[in-house]
Amino acid sequence: MTAVAATDVKTEHRVAGNGDAVLGYCMIAPLIVTMAALVFFPVVATVWDSLHRINPMQAGTPFIGLNNYINMFSDADLGRSWTNTFIYVLIAVAAETVFGVLAAALINQVKVGRKWLLAAVILPWALPAVVNAVIWLWIYQPGAGLLNGILVAFGLPFDNHVWFNDRTSALVAVTVVHVWRMLPLTVVITLAAMQGIPDHLYEAARIDGATRSQMFFKITLPLIRGPVAVAMTNATVTAFNLFDEAWVLASSSLDTRPILVQIYLETFQNLHFSYGMAMSLTVTVVSLLVSLVYVVRVYNNTRYD
């Protein structure tokens with residue numbers, strides 16, 4: 001009887017386990033269907049279309065294999081756009097990470113009115129990208145622009161200075177607008193991580209005679225590596241997808257043209273749809289590979305063996 005009872009209990013547990021598994025699959029089925037319809041299927045369709053020549057002005061969609069991808073290596077405008085994009089990514093990710101962590105550390109020290117200060121910091125991120133770009137377009141104006149006015153007030157020779165006449169200053173000017181818009185998100189992510197650090201760690205460090213800088217580098221930074229990596233990943237992806245700021249400030253100028261503007265011009269002005277799809281897929285892969293560096297590094301630093 002004991003063996004029979006034990007067998008019945010195992011059978012009941014197995015049935016219960018199968019029921020839980022079925023329930024779990026049923027609960028995630030809508031998510032899987034949604035992801036398949038809105039993500040996986042469009043990606044597969046885009047990959048397939050990028051292997052054809054699609055032009056609404058021409059009949060048929062002949063299969064051309066990897067020609068669209070091969071043509072990228074001889075496209076001078078595309079190469080310039082890639083160079084501009086990598087410059088945007090390097091400057092934006094570095095600036096957002098450094099200034100975002102420092103701003104979060106300063107806000108974390110504020111005890112009175114922190115929520116109002118945080119609301120003011122978030123405002124640029126809450127505004128649409130085009131609105132931010134238009135505001136900065138007025139700031140960069142050669143004549144009545146705010147930036148030139150401030151520099152002239154300090155006695156600097158910037159009267160009627162045109163910031164977009166020089167490629168270097170134009171790239172920096174576009175990047176500043178992008179960083180201005182995306183920096184608040186890094187601040188919020190980092191600040192949330194800092195507020196989760198136990199106070200007793202800092203109290204113990206003070207007892208041992210640690211300075212503020214020592215506590216920041218020995219306690220704060222090591223404990224927020226994961227959230228900082230998440231913020232860097234987001235900064236990388238958004239910098240690769242920079243479009244509005246460059247378009248509003250400098251239109252289609254090749255000196256400041258990021259890869260997304262190049263894709264827009266090729267796809268909707270030159271009507272090279274399949275070529276634009278190939279470029280879009282390339283941008284996606286490159287941005288994911290760069291972001292993967294952060295993810296792998298965080299995993300290696302935080303896993304428990």
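This is a predicted model: local features need pLDDT of at least 70, side-chain atom pairs count only at pLDDT 80 or more; totals for chains, interfaces and linings use all residues.
1. Ground rules. Local features need pLDDT of at least 70, side-chain atom pairs count only at pLDDT 80 or more, and totals for chains, interfaces and linings use all residues. Residues are numbered from 1 along each chain as its sequence is written, and side-chain values use heavy atoms, with hydrogens and water left out.

2. Aromatic pairs. Rings of Phe, Tyr and Trp (its six-membered ring) pair if their centres lie within 6.5 Å; planes under 30 degrees apart are stacked, over 60 edge-to-face, the rest tilted. The count is 13 aromatic pairs. One of them joins Tyr 140 and Phe 164, edge-to-face, at 5.7 Å centre to centre and 80° between the planes. These two residues are 24 residues apart. Tyr 140 sits in the loop between helix 5 (129-139) and helix 6 (146-153), and Phe 164 in the loop between helix 6 and helix 7 (167-195). Helices are DSSP runs (H or I, at least four residues), numbered from the N terminus.

3. Burial. Buried means under 20% relative accessible area, exposed over 50%, partly exposed in between (1.4 Å probe, protein chains only). Tyr 140 is buried at 6%. Phe 164 is partly exposed at 24%.

4. A stacked pair. The ring centres of Phe 158 and Trp 163 are 5.5 Å apart, with planes at 10°. Phe 158 is partly exposed at 22%; Trp 163 is buried at 15%.

5. A cluster. Phe 243, Trp 247, Tyr 264, Phe 268 and Phe 273 form one aromatic cluster.

6. Helix 1. Val 47 lies in helix 1 (residues 2-50). Val 47 is partly exposed, at 36% relative accessible area.
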